[in-house]
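User: I'd like to go through this model piece by piece. Could you take my questions as they come?

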Amino acid sequence: MTQALSTAVGYVKAPLLYKGKVRELYDLGEHFLIVVTDRISAFDYVLDPAVPEKGNVLNRLSAFWFEQTAEMMPNHIVHTDVYKLGDLVTEPELLKNRIMVSKKAERIDIECVVRGYITGGGWRQYTKTSAINGIELPAGLRKNERFEKPIFTPAAKNDVGHDEDIPFERMKEMVGAELAEELRDKSIALYEFAAARCEERGIILADCKFEFGLIDGKVILIDEIFTPDSSRFWAKDKFAYDVEIDSMDKEPVRTYLLGSDWDRDSKPDPLPQAVVEETTNRYLAIYKALTGEDL
């Protein structure tokens, strides 16, 4: 198993523009360099220690799906070959599966969420209001029930704090009706494409989120797609109504924290090694399930 990487600072000879919970963005001039670290977050805290292989899985899964969807929707990838970066990277073997050189796009500050099933935050909204993001839904839906058609539930991106669920009408006010409709339609088409492929592999794609950007006025996909950090995957044989379905991602971390005596008001203590190893195994398993290949 590879060594966990908690940051690429010190290995990349380019200015660091942004450090997110997991990704780091470096400026290469014409392009960006995205490095996907092994950092893991839960309940808005970045946790210790980093989880080996996690960043490799996220980066390679995104690259896999960007390639699969490129004909449907152009994306920001230039390449994923660390050796093309020459001496900009001091430890290429350490970063080789976790980099993406990308086009510089103007980010559209909307998180485009598509839900195929009623669960998670959508379920919580529905139980309180009979609606999700202002979309009125039939009475009597059961938790985890599949929608007749996927629904689009955007969120306004906040760089600090949580993204804010908004009705589609508000999205139209923010970005314009034409762009809002284009983003909605493309998001739903991408979801349906991936959901069908997941189904073939015994996986349910319950919901997912996308980010888009503009280059010369044209919409492209950016960030990551159909990874365990941006999508909710369920094993088909674990599906059930009215329960919390164990999702194929960092569930071992959430389960551990919720079962511990953590006060939720401060950063949790380091994760036990067994939880870290189980989480690594989850990420490797979803990679193999989706691509048919070992990492």
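User: In which loop is Pro49 found?

Analyst: This is a predicted model, where local features need pLDDT of at least 70, side-chain atom pairs count only at pLDDT 80 or more, and totals for chains, interfaces and linings use all residues. Residues are numbered from 1 along each chain as its sequence is written, and side-chain values use heavy atoms, with hydrogens and water left out. Helices (H or I, at least four residues) and strands (E, at least two) are DSSP runs, numbered from the N terminus. On that numbering, Pro49 is found in the loop between β5 (45-47) and α1.

User: What is omega for the bond that joins Asp48 and Pro49?

Analyst: Most peptide bonds are trans. The one joining Asp48 and Pro49 is cis, with omega at about -10°.

User: How do the axes of α1 and α7 lie to each other, roughly parallel or roughly antiparallel?

Analyst: Two packed helices are described by the angle between their axes and the distance between the axes. Axes here are lines fitted to C-alpha atoms, for helices over the stretch in contact, with angles from 0 to 180 degrees between N-to-C directions. Those of α1 (residues 54-69) and α7 (residues 273-291) come within 9 Å and cross at roughly 20°. Angles under 35 degrees count as roughly parallel, over 145 as roughly antiparallel, 65 to 115 as roughly perpendicular and the rest as oblique, so α1 and α7 are roughly parallel.

User: Which residues in α7 does α1 meet?

Analyst: Contact means heavy atoms within 4.5 Å. From α1, the residues involved are Lys54, Val57, Leu58, Arg60, Leu61, Phe64 and Trp65. In α7 they meet Tyr283, Leu284, Tyr287, Leu290 and Thr291.

User: Is Phe226 buried or exposed?

Analyst: Phe226 sits in the loop between β16 and β17, and its phi is near 50°, a positive value in a residue other than glycine. Buried means under 20% relative accessible area, exposed over 50%, and partly exposed in between (1.4 Å probe, protein chains only). At 0% relative accessibility, Phe226 is buried.

User: What is the relative accessible area of Asp223?

Analyst: Asp223 also has its place in the loop between β16 and β17, with a positive phi near 70°. Asp223 counts as partly exposed, at 26%.

User: Which residues is Ser230 in contact with, leaving aside neighbours within four places in sequence?

Analyst: Ser230 lies in the loop between β16 (218-222) and β17 (231-235). Ser230 is buried, at 6% relative accessible area. With those neighbours left aside, its contacts are Cys208, Lys209, Glu224 and Ile225.
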